[in-house]
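Look at the sequence and the structure before reading on.

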Amino acid sequence: MLKLRLKRNGRKRQPAYRLVIMESSTRRDGRPVDEVGYYNPITKESYFNEEKITKWLNHGVQPTETVFQLLKKKKKKKKKK
């Protein structure tokens with residue numbers, strides 16, 4: 001089963017994450033099927049390729065709980081603008 005989840009990169013105590021499509025059984029930092037964005041929790045900087053995310057969600061990819069919350073927060077910010 002494919003999942004939309006976070007892949008950690010960055011240095012020790014300075015995490016940065018990539019939003020990736022991955023098989024659910026692979027390890028956290030394994031090889032992704034596709035990269036669709038990034039998120040930096042320290043600077044709160046993020047980018048999500050909405051076209052790719054929508055395409056994969058229509059193909060049946062399940063987001064993890066954390067990714068789901070990030071996407072929901074991003075939509076709220078977009079509506080306020």
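The questions below concern a predicted model.

Q: Which side chain of opposite charge is nearest to Arg5?
A: Arg5 is found in strand S1, residues 2-11. Arg5 is buried and has no salt bridge. A salt bridge needs the nitrogen and the oxygen to be within 4 Å. The nearest side chain of opposite charge is 7.9 Å away, and it belongs to Asp29.

Q: Which backbone oxygen lies 2.7 Å from a polar atom of the side chain of Arg5?
A: Arg5 touches several residues beyond its sequence neighbours, including Thr26 and Arg27. The backbone oxygen of Arg27 lies 3.0 Å from a polar atom of the Arg5 side chain. The one at 2.7 Å is the backbone oxygen of Thr26.

Q: How many salt bridges does the count come to?
A: Arg18 and Glu35 meet in a salt bridge at 3.3 Å, N to O. This pair links distant parts of the chain, with Arg18 in strand S2 and Glu35 in strand S3. Another salt bridge joins Arg28 and Asp29, with the closest N and O atoms 3.0 Å apart. With the pair of Asp34 and Lys52 included, the count comes to three.

Q: Is Asp34 buried or exposed?
A: Asp34 forms a salt bridge with Lys52, the closest N and O atoms being 3.3 Å apart. The pair links strand S3, which holds Asp34, to helix H1, which holds Lys52, across 18 residues. Lys52 is partly exposed because its relative accessibility is 31%. Asp34 has a relative accessible area of 15%, under the 20% cut-off, so Asp34 is buried.

Q: How far apart in space are Tyr47 and Lys72, C-alpha to C-alpha?
A: Tyr47 lies in strand S4, residues 45-48, and touches Val36, Gly37 and Tyr38, leaving aside residues up to four places away in sequence. Tyr47 counts as partly exposed because its relative accessibility is 42%. In sequence, Tyr47 and Lys72 are 25 residues apart, while in space the separation is 13 Å.

Q: Which helix supplies the largest share of the lining of the largest pocket?
A: The largest pocket holds about 400 Å³ of space. Of its 14 lining residues, those closest to the centre are Phe48, Glu50, Leu71, Lys74 and Lys75. Helix H1 (50-58) and helix H2 (65-80) each supply at least two lining residues. The largest share, seven residues, comes from H2.

Note on methods: Residues numbered from 1 in each chain as written. Predicted model: local features only at pLDDT ≥ 70, side-chain atom pairs only at ≥ 80, totals over all residues. Heavy atoms only, no water. Helix = DSSP H or I, 4+ residues; strand = E, 2+ residues; numbered from the N terminus. Buried < 20%, exposed > 50% of the residue type's maximum accessible area, 1.4 Å probe, protein only. Lys, Arg positive; Asp, Glu negative; His and termini not counted. Polar contact = N/O pair within 3.5 Å; in protein donor to acceptor, adjacent residues only side chain to side chain. Contact = heavy atoms within 4.5 Å. 1 Å grid on protein atoms, 1.4 Å probe; cavity = no way out; pocket = protein on both sides within 12 Å on 5 of 7 lines; lining within 4 Å. Points joined across faces, edges and corners; volume = space filled by probe spheres on them.
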